[in-house]
Number of protein chains: 2
Amino acid sequence: MNAFDDLLAFQRQTEALSSVAERLGWDQETVMPRGATEQRSEEMAAMEAVLHERRTDPRIGEWLDAASPRTEAETRIAALIQRDFTRASRIPARLAEELARQTSLAQGIWAEARAADAPEAYLPVLDQILMLKREEAAALADGGDLYDALLDDYEPGMTGARIAQLFDRMRPRLVALRDAVLGTERQPQPLSGHFPQETQLRLTRTVATAFGYDWSRGRMDIAVHPFSSGRWQDSRITTRVVETDPFNCLYSTIHEVGHSSYELGIDPDYAFTPLGRGVSMGVHESQSRIYENQMGRGRAFAGWLFQRMSDAFDGLNITDPDAFYATVNRVTPGFIRTEADEVQYNLHIMMRFDIERDLIAGRLDVKDLPEAWNARFHADFGVAVDRPANGVLQDVHWSVGLFGYFPTYALGNVYAGCLDRALRAAVPDLDAALARGDAGPAVEWLRENVQRHGGLLAPTELIETATRAPVSEAPLLNYLEHKFGSIYGL
Amino acid sequence: MNAFDDLLAFQRQTEALSSVAERLGWDQETVMPRGATEQRSEEMAAMEAVLHERRTDPRIGEWLDAASPRTEAETRIAALIQRDFTRASRIPARLAEELARQTSLAQGIWAEARAADAPEAYLPVLDQILMLKREEAAALADGGDLYDALLDDYEPGMTGARIAQLFDRMRPRLVALRDAVLGTERQPQPLSGHFPQETQLRLTRTVATAFGYDWSRGRMDIAVHPFSSGRWQDSRITTRVVETDPFNCLYSTIHEVGHSSYELGIDPDYAFTPLGRGVSMGVHESQSRIYENQMGRGRAFAGWLFQRMSDAFDGLNITDPDAFYATVNRVTPGFIRTEADEVQYNLHIMMRFDIERDLIAGRLDVKDLPEAWNARFHADFGVAVDRPANGVLQDVHWSVGLFGYFPTYALGNVYAGCLDRALRAAVPDLDAALARGDAGPAVEWLRENVQRHGGLLAPTELIETATRAPVSEAPLLNYLEHKFGSIYGL
């Protein structure tokens, strides 16, 4: 037996255990009895301990040294295992434990601080986490850039410098578009009314089906913050319902269907290997965003949805499909990233990217963070943050140690722009299908050109192979200017 | 640090991982997408491999040798760990994994075979599992009796020979009672009508609450075969609904509430130790059966339930509480163990016990099992099995490798008989509470005298301490003869 087969067999079990840990997380957020939190944290800690031990098992190094991969896929598997092994081995067990403990603690403190709108108790904990993350980054960077070492975990091969250049190119056109849109007379009407939970959920299931969600390998439940979870034969989505705002449920579901479909669309031969999952957070987000925005918020699908919503809710205050399309794409000033429209979303990301780079580089102290946040928000959005819950406390990411994660959201949008251009060229009559509530032709193209590859190709390579063009922000910006120019009559 | 503390810390993680594996089993039978069976079997096998490795970790032997338990509880913990370590060390890792994988797969095949009423595809899988279980039994028995080695896992200290003697003592009185009951003129009226699922589930929740189920540490879901799952802060129950037979849902729920309450009633200090779970399947079943039968099917609670059901379903075809009490305890010929009345239930067990002993001993081949089942059923119950789903396919147990498990159900009934006698003496006004739909005083007595001890006392010791009398089948048989003699006017 080739050492590579031993390595694969060992990895197979690790992948299965990791999938179990993820399923446990799903359970906690959806169905777990409320009195079980202490027990669950003990169970999660035990799973983490087992996983950490396996990821740093010295036999991995020996197998890798002796392995003879026989195919392109095997070569890539070995490279991905090598990468994870190197990263895991560089982080001292003490640091990993301390990070796990502090971030689990911080999550609760963050939630309380956000609820109480009071950052004081939270900032010292964040400071602690930042210190640990910088220590982790230094261990991972091995002399290189700290921020790059963290970013690389979410978007392999990407650097802070390249992100900064990308954002510098994007910002002026986005700001110009935002200012033009907000400055024009023609403003879409908001949707109003009361939309019962059961009807929303029924309609949302229909919409998830329209986007090809495979219910035999998934399910939908309610959670506080929508997420998707799992892969291969079991990728579940969650949603939430706000009875005054059905778009919340509908579009967060389309978004999560995009994430889940990516995992479910991967070549089944890759299951239980490092190829059997989305290759990066940016590519993941490209799938959720192209489902949600380029398709879900496009004119064709909006027309179908308008009819379905009018029927389901016995009429709407918006009475024609063009007005409904404008409503779905309404651009308004707002503090919250997750509620931002397509025009402003990336501006929220750019601000977080600059701030977290400063924090990791030591150019910004946590004690000065709220002030820095508010100043930057005012500069970028022209509005003063009214309260911390709408400002520095709005995102959970930093509390759980996710530094270097935010830019992958914007990268996802950029990738989605590239993919959408190629998709539209390859499937010229896509809008006819979407107008019938059928995203099938798009799903098929995305599965064939992106999803099925799993981790086989590196992120940029994957997008460039799929689109036969270099990755560029231009398609996204052109799409946004065209779409919002037309909606707002610019 | 005492070696015992090292042992405890290690065991704590093992208990947590074992609890994760059980939660995964719950997921599979309640909420898992139907397309995820292969993946789940791989995940279960990986968990089983980790658990097996931990249970056979040579350090356990070293710690046990060096440990100095300081209390009675610690001495018992050390003994239980020693017992599991010895058992686990005898089972090769390959066999443990293979069993986990095969039984996880067989569960789905069994369910399909039962639904299709076609045992053909299922028998070869069962044959495979039987072969693995015989291999396991041989490893565990270490030269002793194969069946005893399996039985001992569910009812420590019990043997097939003692069960056979017990059943030989019980059978004549049960058969005589059954024949007398079925031969008399006075036959209770069956319940008839249509009982909508939602109403059944609502009423069932009320009934679970009446029996003290702690919803903050549990939940109720639908499953093909009702079961309870988990412990400490998270013990969930499942039920099923038959719209022509509300007793199915109601009484299976009271039964599972008994199981879950046992786990939830254990001293919280025992959590994540071997004391933190029910001490045997027989004692477990004593809790579920005393909840379901001695209380749930008693005259006092039946009177309360009659009123609740009459209200919930807008009247019943049974119009007075005494007739309802007789209906609830109706003895009829029937194929299904789980639907059997108290008089015939143990006869179903005796039949399975003899058959599975023959299978394990190699005296009966799986290919001959359907025929053997049908012949024995006809001999014991005087009726020919009409279809496999009502015969050999009715129980999941053998598919999941549970050989040696069935007799613990009858033992549970025997223990429940003993406990009921002691409980009634200690709480003479219990019926007054049950007549108000409040099982509280019984739950309290059982918690104090049985449940809270967890694994601290061995099964027989526990029952004898609680009842201050030797374990005997007499209280159960006396109770049955008295109860059914009175209902049927014998």
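## Helices that pack, chains that pair

In this predicted model, the axes of helix α1 (residues 3-30) of chain A and helix α4 (residues 72-90) of chain A come within 11 Å of each other and cross at roughly 60°. That angle makes α1(A) oblique to α4(A). (Under 35 degrees counts as roughly parallel, over 145 as roughly antiparallel, 65 to 115 as roughly perpendicular, and the rest as oblique.) On the α1(A) side, A:F4, A:L7, A:L8 and A:Q11 meet A:E74, A:I77, A:A78 and A:I81 in α4(A), where contact means heavy atoms within 4.5 Å. Sorted by class, that contact has six nonpolar, one polar and one charged residues. (Ala, Val, Leu, Ile, Met, Phe, Trp, Tyr, Cys and Pro count as nonpolar, Asp, Glu, Lys and Arg as charged, and the others, Gly among them, as polar.)

A word on the bookkeeping: residues are numbered from 1 along each chain as its sequence is written, while chains are lettered from A and ligands numbered from 1 in the order in which they are written. Local features need pLDDT of at least 70, side-chain atom pairs count only at pLDDT 80 or more, and totals for chains, interfaces and linings use all residues; side-chain values use heavy atoms, leaving out hydrogens and water.

Helices are DSSP runs (H or I, at least four residues), numbered from the N terminus. Their axes are lines fitted to C-alpha atoms over the stretch in contact, with angles from 0 to 180 degrees between N-to-C directions. Here are two other pairs:

| Helix pair | Angle | Axis distance |
|---|---|---|
| α16 (residues 406-426) and α20 (residues 474-487), chain A | about 80° | 7 Å |
| α9 (residues 197-210) and α12 (residues 299-312), chain A | roughly 150° | within 11 Å |

So α9(A) is roughly antiparallel to α12(A), and α16(A) and α20(A) are roughly perpendicular to each other. The contact of α16(A) with α20(A) divides into five nonpolar, two polar and two charged residues.

Now for the chains. How many residues does each chain put into the contact? Chain B gives 38 residues and chain A gives 38 residues. About 3100 Å² is buried between them, with carbon and sulfur atoms giving 56%. (Buried area is the accessible area, with a 1.4 Å probe, that two parts lose on being put together, summed over both.) B:P33, B:Q39 and B:Q233 supply 20% of the area that chain B buries against chain A, more than any other three residues.

Finally, a rotation of 173° with 0.8 Å of shift along its axis superposes chain B on chain A, with an RMSD of 1.1 Å.

Methods: Least-squares fit on C-alpha atoms with pLDDT ≥ 70 in both. Helix = DSSP H or I, 4+ residues; strand = E, 2+ residues; numbered from the N terminus.
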